[in-house]
Amino acid sequence: MSGYVLAIDQGTTSSRAIVFDGKQKVVGSGQKEFTQIFPQSGWVEHDPEEIWESVVWSVKAALKKADVKASDISAIGITNQRETVVVWERASGKAIHNAIVWQDRRTASYCEKLKRQDLEKTFTKKTGLLLDPYFSGTKLSWLLSNVKGARARAAKGDLCFGTIDSFLIWRLTGGKAHVTDATNASRTLMYNIADNSWDDDLLDILRVPEAMLPEVLDCAADFGVTEKSLFGAEIPILGVAGDQQAATIGQACFEPGMMKSTYGTGCFALLNTGTDMVRSKNRLLTTIAYRLDGETTYALEGSIFIAGAAVQWLRDGLKVIKAAPDTGDLAAKADPTQNVYLVPAFTGLGAPHWDPDARAAIYGMTRNTGPAEFARAALEAVCYQTRDLLDAMHKDWKANGKETVLRVDGGMVASDWTMQRLADILDAPVDRPTILETTALGAAWLAGQRAGVWPDRKGFAKSWARDTCFEPKMDEKTRATKIKGWKDAVRRTLSAG
């Protein structure tokens with residue numbers, strides 16, 4: 001067998017496929033964007049057919065770029081945007097409705113209704129999650145209630161539910177496999193992360209028939225084999241993990257106390273807590289980091305809905321930059337005497353506030369405030385939000401004298417200015433790896449080691465390499481003043497404030 005492994009990285013705005021060689025180096029890739037659908041304010045959908053077509057196109061492009069055949073690929077690893085919901089017909093494989101995306105807020109009132117029934121504690125105890133429109137369960141319940149005949153068809157076993165990984169595997173295997181992995185299941189509000197099983201009580205509350213749910217496997221397992229007609233050869237699918245967990249694996253955060261933070265559309269920080277399922281007292285999520293060989297490793301997670309999306313807003317909404325990489329240079333030119341804060345609650349605030357009704361606001365503007373100050377405020381907002389998450393994590397999980405190791409990835413980490421400001425606001429070192437494709441790399445490693453062509457956990461951890469360590473340089477007085485201003489801005493933005 002060759003050491004070639006194909007990673008499918010199905011994200012929120014595009015699908016990517018990356019071919020890695022036996023030394024875990026990228027040798028070819030393909031990427032295709034797809035349409036973002038906004039039927040109403042706060043609603044976000046994707047066309048599952050367009051996602052499927054973008055994945056197939058990206059895989060073929062990656063194989064061509066790498067100059068390898070499908071028969072040269074030892075295994076496929078899949079990573080995906082989490083919490084996004086698809087329901088399709090078991091007989092035809094066709095979706096009954098657009099996919100409802102993780103960013104979608106249409107079930108906010110349903111979540112509030114469940115909270116008023118004092119059910120949030122039940123969900124949190126079993127799933128480690130909070131009642132928020134972000135998660136899959138209430139989206140699925142909405143679909144079953146709003147697509148004519150769907151709930152009855154689901155009860156009869158005619159319909160399948162899945163997160164994007166499940167939908168892709170179903171299509172790739174020609175409908176032979178209806179499966180998911182433990183990390184994606186753990187984000188649905190329907191999966192008991194202590195028992196590692198779908199929870200009957202939660203399914204009853206959400207009125208979801210168990211007949212439509214996929215089988216839950218380890219992150220490295222036999223998920224099925226691709227149809228020969230797709231790429232020219234059958235390829236085993238041997239690894240699956242939700243995007244944030246895949247990035248945690250790709251960063252080799254295998255030891256308790258190691259933390260990764262991914263800066264993409266949103267920002268997601270995961271702290272490995274080992275086999276200890278830490279119950280957060282600070283509005284963080286308890287989630288499954290990965291499950292390998294039947295053993296579950298847990299994590300504390302903080303979810304920030306807007307990170308790189310704030311830079312997109314500067315580019316597409318305000319048109320103060322032409323390209324995202326321009327933001328750091330522009331921010332460096334900002335007037336240091338102006339304390340401008342952007343609280344980017346465009347779709348509500350995530351951890352640790354969980355306020356779906358908050359909306360974005362800018363504070364501290366003067367007549368001299370311009371594009372440079374907006375750019376700095378957008379980038380600093382990401383740093384402040386990360387600080388909020390890290391503070392909450394340290395309250396929940398005592399490091400026992402160990403320093404938290406923070407490894408970063410995602411599109412924003414290419415900006416030296418942003419990473420230096422992150423280290424300054426955190427008052428902690430920030431490690432940027434040489435390979436920034438950590439999400440795809442994590443999925444590839446799951447598949448590659450399962451296939452026996454890539455190193456085991458220890459060997460993979462040894463191969464992780466640091467590009468730059470950003471050390472904090474800001475003085476404590478400046479840091480304290482800036483953080484105080486941020487906290488005041490957030491307080492003013494919260495919907496209950």
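Which residues does G308 touch, not counting residues up to four places away in sequence? In this predicted model, where local features need pLDDT of at least 70, side-chain atom pairs count only at pLDDT 80 or more, and totals for chains, interfaces and linings use all residues, G308 touches G264, T265 and M412; a contact here means heavy atoms within 4.5 Å. Residues are numbered from 1 along each chain as its sequence is written, and side-chain values use heavy atoms, with hydrogens and water left out.

G308 lies in helix 11, which covers residues 308–318 (helices are DSSP runs of H or I with at least four residues, strands are E runs of at least two, both numbered from the N terminus). G308 counts as buried because its relative accessibility is 14%, and buried means under 20% relative accessible area with a 1.4 Å probe, protein chains only.

An unreviewed UniProt entry lists G308 under "binding site", together with T12, R16, T265 and G411; such annotations may be inferred rather than shown by experiment.

R16, another residue of that record, belongs to strand 2, residues 14–20. Leaving aside neighbours within four places in sequence, R16 is in contact with A7, I8, D9, G30, Q31, S58 and E437.

Turning to the whole protein, 17 helices and 23 strands are found. Of its 497 residues, 62% count as buried. Among contacts with a separation of 6 or more, 72% join residues 24 or more positions apart. The C-alpha atoms fill a box of roughly 60 × 55 × 45 Å, taken along the principal axes.

How values were computed: Buried means under 20% relative accessible area, exposed over 50%, partly exposed in between (1.4 Å probe, protein chains only).
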